[in-house]
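Visitor: I have a new structure to look at. Can you walk me through it?

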Amino acid sequence: GVSPRLPVVVYADDVRDAARAWWLLKLAGVPDARILNGGWKAWTAAKLPTATEASAAKAEPHDWKPDATRLADKAHV
């Protein structure tokens, strides 16, 4: 789940996909969105901890506000 108190980390095989997900999270108002440097391959190559069971984390109700400063309309371009 997404919480305004916790970081959200995104990764993908293609960093462009991770960047898109990061941008959408930031647009949605998530205050601490991050991209995992090197992705899943780098994480597992470094033998960092992984888990196969689902997390007990739950989404917290929050009044997410889109960050309009992250958008460029025709006038800006």
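Guide: We will go from the overall fold to single residues.

Guide: This is a predicted model, where local features need pLDDT of at least 70, side-chain atom pairs count only at pLDDT 80 or more, and totals for chains, interfaces and linings use all residues. Residues are numbered from 1 along each chain as its sequence is written, and side-chain values use heavy atoms, with hydrogens and water left out.

Visitor: How many helices and strands does the protein have?

Guide: It has two helices and two strands. These are DSSP runs, numbered from the N terminus: helices are H or I with at least four residues, strands are E with at least two. From the N terminus, the order is β-α-β-α.

Visitor: What radius of gyration does the protein have?

Guide: The protein has 15 Å, while a compact globule of 77 residues would be near 11 Å. The radius is taken over C-alpha atoms, and the globule rule is 2.2 Å times the number of residues to the power 0.38. Along the principal axes, the C-alpha trace spans about 45 × 30 × 15 Å.

Visitor: And what share of the residues counts as buried?

Guide: Of the 77 residues, 14% do. Buried means under 20% relative accessible area, exposed means over 50%, and partly exposed is in between (1.4 Å probe, protein chains only).

Visitor: Which residues make up the largest nonpolar core?

Guide: There are six: V8, V10, A18, L25, V30 and A33. A nonpolar core is a set of buried Ala, Val, Leu, Ile, Met, Phe, Trp, Tyr and Cys residues joined through side-chain atoms within 4.5 Å. β1 and α1 each supply at least two residues of this core.

Visitor: Pick V30. What is V30 in contact with?

Guide: Leaving aside neighbours within four places in sequence, V30 is in contact with V2, V8, L25 and W64. Contact means heavy atoms within 4.5 Å.

Visitor: Now α1. How many residues does α1 have?

Guide: α1 has 13 residues. From first C-alpha to last it reaches 18 Å, close to the 18 Å expected at 1.5 Å a residue. That expected span is 1.5 Å times one less than the number of residues.

Visitor: What do the buried residues of α1 pack against?

Guide: They pack against β1 and β2 (33-35). The buried residues are A18, L25, K26 and L27. Just after α1, G29 takes a positive phi of about 100 degrees.

Visitor: What about I35? Where is its place?

Guide: I35 is in strand β2. It is partly exposed, with a relative accessible area of 35%. Beyond neighbours within four places in sequence, I35 is in contact with V10, A18, A19 and W22. The C-alpha atoms of I35 and A18 are separated by 6.5 Å, though these residues are 17 apart along the chain.

Visitor: Switching to rings. Why is the pair of Y11 and W40 stacked?

Guide: The structure holds one aromatic pair. The rings of Y11 and W40 have centres 5.5 Å apart and planes at 20 degrees, so the pair is stacked. Rings of Phe, Tyr and Trp (its six-membered ring) pair if their centres lie within 6.5 Å; planes under 30 degrees apart count as stacked, over 60 as edge-to-face and the rest as tilted.

Visitor: Where does each of the two sit?

Guide: Y11 is in the loop between β1 (8-10) and α1 (15-27), and W40 is in helix α2 (residues 39-45). The pair links distant parts of the chain, 29 residues apart. Y11 is partly exposed at 45% relative accessible area, and W40 is partly exposed at 37%.
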